[in-house]
Amino acid sequence: MATSGLRGSFPLTSDGISNNVTRTSAGAYALGHTKDQSYYIHYVGRADADVARRLRDHIGKYKRFKYEYYDSPKAAFMKECRLYHDFNPRDNTIHPARPAGSGWKCPVCKVFD
Ligand SMILES: [Zn+2]
C-alpha cells in the first residue's frame, strides 16, 4: 500500500489541531481513521494559506488527520493530487480543483489538459 508521506496521525479535535499544527502555512491533509495499526484515508484536501483553519472545518466528520506543510499553494495542490490518485479516497467524489486562472496541471493525470 502507498504511504502518504504526511505527519501524524493526530486526533481531529480542536486540541489535536492546536497541539500539532502550529504554523500558519499552506498544506495538504488526509482525513480518516486508524484500525489495526493502519491509517485509512477517506478524504484528502489542501489549504492555500492556513491548513490548521481548514482542518477545523472538518472536526466531527472524521476521527483523525494527517498533514504536511508546503511552501506554496501550488506545492500543496500537487500533493493533494498525488494523495487523491494514490489512495482514491471514498469521500472525494471529484478530482481536486485548481484555482481559476492558475493553469496548474495534475502531476498524475490529464484532467486539466
Ligand atoms: Zn489527476
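1. A word on the model first. This is a predicted model, where local features need pLDDT of at least 70, side-chain atom pairs count only at pLDDT 80 or more, and totals for chains, interfaces and linings use all residues. Residues are numbered from 1 along each chain as its sequence is written.

2. Helices (H or I, at least four residues) and strands (E, at least two) are DSSP runs, numbered from the N terminus.

3. Have a look at Val44. Leaving out residues up to four places away in sequence, Val44 touches Tyr29, Ala30, Glu80, Leu83, Tyr84, Phe87, Pro89 and Asn92. Contact here puts two C-beta atoms, placed from the backbone, within 7 Å.

4. S2 is mostly covered, with seven of its 10 residues buried (20 or more other C-beta atoms within 10 Å of the residue's own, C-beta atoms being placed from the backbone).

5. S2 pairs on two sides of the story (pairing takes at least two DSSP bridges). Nine bridges join S2 to S3, antiparallel, and Ala28 stands opposite Arg46 there. Seven bridges join S2 to S4, also antiparallel, with Ala30 opposite Lys66.

6. In the S2–S3 hairpin, two residues lie between the strands, and Asp36 takes a positive phi near 50°.

How values were computed: Buried ≥ 20, exposed ≤ 12 C-beta atoms within 10 Å, placed from the backbone.
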